[in-house]
Structures are given as structure tokens and as C-alpha cells.
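Student: Could you take me through this structure feature by feature, giving the general idea before the particular case?

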Amino acid sequence: NAPNERKSGAEYMQSLLSYKLITGDCYEFANMTKKGDLVELWIMPRQHVQIENNRSFPLRETGYILDVTGRNINYKPEMVSHSAFFNPNEDGNGSSLYGMSPLDAAYLNILQDNEARSAAVEILKNRGMRGIVSFETQQADKWGFKDTMEQVGRIKEGWRNMGNEYRDSLAVMYGKVDYTNLTLAPKDLMIAEVCKMNLVDFCNAFGVSSILFNNVDASSYNNFITARKDLIQALFYHY
């Protein structure tokens, strides 16, 4: 209920479980008196912890090193509680002692989701040239380059004016023109569908239902309650 002076019991468990669910590992350091009495518990940041091992079979932890701003702090195995997901990477160097994060299994989905969202941002932020308005080549040849560029300038200016004048209406242009679209809208790229599928895959990697994360396709109140119970059971199981 009161592991240390900085966190309550609920905050402590939230941080501890978050480390394990995101990175695959969670480490607790037990601060003890000389007599061996437990004084307080602290969570060690996973990204700064290195496990020392006996370099034999079976692999066993012989110590933990915490790298804090370039300064290494050594801990004996009995001072640290380490909980980890299963890791099948048996390479002889101790990699299997570190937990494998569910996000590793969903790595390609993470890349796909990031690219989809980045594409949507780029479309909205840097739309660039949306398309090309062209006219008959024969007529352009008669005008010459200088006259052609002047006509291009008039068309662009006229297009801007019509955008204000004919808002929510039809614009009328004289002469034979053509338009070539150069961009795709987010809807055409199916970005929303890709992100929705990735959401389900992320939830599958952690063994929880996507209903808890606003996936309304198959959601109902009863389904939400059941999924919430499953999530709570899964959290207790992981730790």
C-alpha cells in the first residue's frame, strides 16, 4: 500500500505493470536494512537494467547492473525481483533472461500503423499539387511558350476567383480542358481501415479485447463488461 514516499500502491502497480506490458520486463529493487528488514520498494527502469549471468546452462542471473547517467550501480540477485514474459531467444548470451514484449510480436503492425498515420498527416499538412489542368496541345503550340505561360497564369487566377465566387456551386470554364488528379485522399488510401485492423492486432498481441479501446464494431454493454473482467484477470496473470 505504501512502497515508497513517491508512489501509492495503485501508482506503483500501474508503473510496474506498464513496464512489463510494454517492454516485457519489470524490475523491483528492495531497499533493506543491515538486518535484512524490508524498508521500501522501487521500480528500476527497464531500459537501463542489464542482467549478468553465469554464462552456462542453465542460465541464471548472477547480478543486475543499473546504468544511471553513465554510473553503474550493481545489485545482488536477492535484492531485485524480476518478472518477465517468456523469451524463446536462447543464444547463450543471456538474451532469454530478458522478457519478450508483446509489441515485438506486433512489430510489423506498429510500422504499418505509424506509416498510415504519417501518410494521413502528410496529406493534410503538405498537400502539394492536387492535380493538373491542361488544354489542347495544338492550341498551346500556336500560342508559343510565353503566351502559354500567360494563359496558365490567367487560368490559375481565374480558378482562385471561382473558388470564392462559386463556393458550393458549379464553376464554368470556356474551352476544352482536362484535369489529371495527382493525389489520393485519406479515404482512398484506406488509412482508417488500416488503423482499425492494427488496433485489433495490437489487442490480440496482449490478449485483450479491442472493445475496451473504442472499437464499436462488435461492442455492447455486456461485451464491454466481459472484456473488462478478462483484462483484469490478464493483468493479474501477467504479474
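**Reading the fold**

Tutor: The chain has a secondary structure of 6 helices and 8 strands, where helices (H or I, at least four residues) and strands (E, at least two) are DSSP runs, numbered from the N terminus. This is a predicted model, in which local features need pLDDT of at least 70 and side-chain atom pairs count only at pLDDT 80 or more, while totals for chains, interfaces and linings use all residues. Residues are numbered from 1 along each chain as its sequence is written, and side-chain values use heavy atoms, with hydrogens and water left out.

Student: In what order do the elements of the chain run from the N terminus on?

Tutor: The order is α-β-β-β-β-β-β-α-α-β-α-β-α-α. Contact means heavy atoms within 4.5 Å, and of the contacts in the chain with a separation of 6 or more, 51% are between residues 24 or more positions apart.

Student: Which residues make up the largest nonpolar core?

Tutor: In soluble globular proteins, nonpolar side chains tend to be buried together. A nonpolar core is here a set of buried Ala, Val, Leu, Ile, Met, Phe, Trp, Tyr and Cys residues joined through side-chain atoms within 4.5 Å; buried means under 20% relative accessible area, exposed over 50%, and partly exposed in between (1.4 Å probe, protein chains only). The largest core has 12 residues, namely Tyr-27, Phe-29, Met-44, Val-49, Ile-51, Leu-59, Tyr-64, Leu-66, Tyr-75, Val-80, Leu-97 and Tyr-98. At least two residues of this core come from each of strand E1 (25–32), strand E3 (49–53) and strand E4 (61–68). A second, separate core has 5 residues, among them Ala-116, Ala-120, Ile-191 and Cys-195. Leu-66, in the largest core, is in contact with Met-44, Pro-45, His-48, Val-49, Arg-71, Asn-72, Ile-73 and Tyr-75, once its neighbours within four places in sequence are left aside.

Student: How should I read the length of helix H5?

Tutor: The expected span of a helix is 1.5 Å times one less than its number of residues. Helix H5 (residues 191–206) has 16 residues and should therefore span 22 Å, and the 23 Å between its end C-alpha atoms agrees with that. The buried residues of H5 are Ile-191, Val-194, Cys-195, Asn-198 and Cys-203, and just after H5, Gly-207 takes a positive phi of about 75 degrees.

Student: Is Asp-113 buried or exposed?

Tutor: Asp-113, which is found in helix H3, counts as buried because its relative accessibility is 7%. Not counting residues up to four places away in sequence, Asp-113 touches Cys-195, Asn-198 and Phe-202. Leu-111 is also found in helix H3 (residues 107–125), but this residue is partly exposed, with a relative accessible area of 38%.

Student: Where in the chain are Arg-55 and Pro-58 found?

Tutor: Arg-55 is found in the loop between E3 and E4, and Pro-58 is found in the loop between E3 and E4 as well. A cis peptide bond, with omega about 0 degrees, joins Phe-57 and Pro-58. Arg-55 has a phi near 50 degrees, a positive value in a residue other than glycine, and at 61% relative accessibility Arg-55 counts as exposed.
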